[in-house]
Amino acid sequence: MTRPTPLLNRCITSLQKSCSRLLGSGASHTTVQRFDDLTLYHFRGCPYCRRVERALRELGIEIGKRNILSNRDNEAELIQGGGKRQVPCLRIRRQSQPDEWLYESSAIVRYLRTRAQQT
Ligand SMILES: N[C@@H](CCC(=O)N[C@@H](CS)C(=O)NCC(=O)O)C(=O)O
């Protein structure tokens, strides 16, 4: 068989990239990164939480999760630490500094994207 020309090679590479972008948009990562400093406060049925959970899957990030409806302690922890009863909320533990409690799904997804790129 004859070898593909450089132009054909470039076309194949470009097609492969487009396909993986299209297929990858809803797919999960094969490699998973675990971030032990992050915890997501959430509850089932919350559309904003689903948005964050989808981003976690797409980015291949695994973190701890605390459901505030199924566990009153989790709810109390969120209100006391974060200041309000709103989910999703991402708790970010920092060394020798107070924890950060990040509200707003769009801000959480942005933060997760940055973290995924750092490693
Ligand atoms: N703009 C916020 C909206 C979050 C939101 O409205 N969450 C609802 C649950 S879906 C909530 O926590 N409401 C307060 C409550 O249920 O007490 C975001 O994008 O995260």
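## Overall architecture

Strands are DSSP runs of E with at least two residues, helices are runs of H or I with at least four, and both kinds are numbered from the N terminus. Asp36 lies in such a run, strand E1. The structure described here is a predicted model.

The protein has four helices and four strands. Read from the N terminus, these elements follow the order α-β-α-β-α-β-β-α. The protein has 119 residues, of which 15% count as buried. When contacts between residues at least 6 apart in sequence are considered, 60% of them join residues at least 24 apart.

## Strand pairing

Strand E1 covers residues 33-42 and pairs with strand E2, residues 61-67, in the parallel sense. Six bridges connect E1 and E2. One bridge puts His42 together with Asn67 of E2. Together with helix H2, strands E1 and E2 form a right-handed β-α-β unit.

Strand E1 also pairs with E3; these two strands run antiparallel and are joined by four bridges. Thr39 has Arg91 of E3 opposite it. E3 in turn runs antiparallel to strand E4, residues 97-103, with five bridges between them. Here Arg91 is opposite Trp101 of E4.

The hairpin made by E3 and E4 has two residues between its strands. In this hairpin Ser96 adopts a positive phi near 45 degrees.

## Nonpolar core

The largest nonpolar core contains 13 residues. Tyr41, Val52, Val87, Cys89 and Leu90 are the members that touch the most other members. Two or more residues of this core come from each of E1, H2, strand E3 (89-94) and H4. In soluble globular proteins, nonpolar side chains tend to be buried together.

Which residues does Tyr41 touch, leaving aside those up to four places away in sequence? They are Arg66, Ile68, Asn74, Leu78, Val87, Pro88, Cys89 and Arg91. Among these, Val87 and Cys89 are also listed with Tyr41 as core members that touch the most others.

Asp36 is 56 residues from Ile92 in sequence, while their C-alpha atoms are 9.3 Å apart in space.

Glu53 belongs to helix H2. Glu53 counts as partly exposed because 16 C-beta neighbours lie inside 10 Å; a residue is buried at 20 or more. Glu53 and His42 are separated by eleven residues in sequence and by 9.5 Å in space, C-alpha to C-alpha.

## Ligand surroundings

The shell around the ligand is made up of Cys46, Pro47, Tyr48, Arg85, Gln86, Val87, Pro88, Glu104, Ser105 and Ser106. By class, five of the shell residues are nonpolar, three polar and two charged.

Which helices each supply at least two residues of this shell? They are helix H2, residues 47-59, and helix H4, residues 105-118. Val87 links the two descriptions: Val87 is in the shell around the ligand, and Val87 is one of the core residues that touch the most other members. Val87 and Pro88, both of the shell, are touched by Tyr41.

Note on methods. Residues numbered from 1 in each chain as written. Predicted model: local features only at pLDDT ≥ 70, side-chain atom pairs only at ≥ 80, totals over all residues. Near = placed C-beta within 6 Å. Nonpolar A, V, L, I, M, F, W, Y, C, P; charged D, E, K, R; others polar. Pairing = 2+ DSSP bridges. Right-handed = clockwise from strand over helix to strand, strands pointing away. Core = buried A, V, L, I, M, F, W, Y, C linked by C-beta atoms within 7 Å. Buried ≥ 20, exposed ≤ 12 C-beta atoms within 10 Å, placed from the backbone. Contact = placed C-beta atoms within 7 Å.
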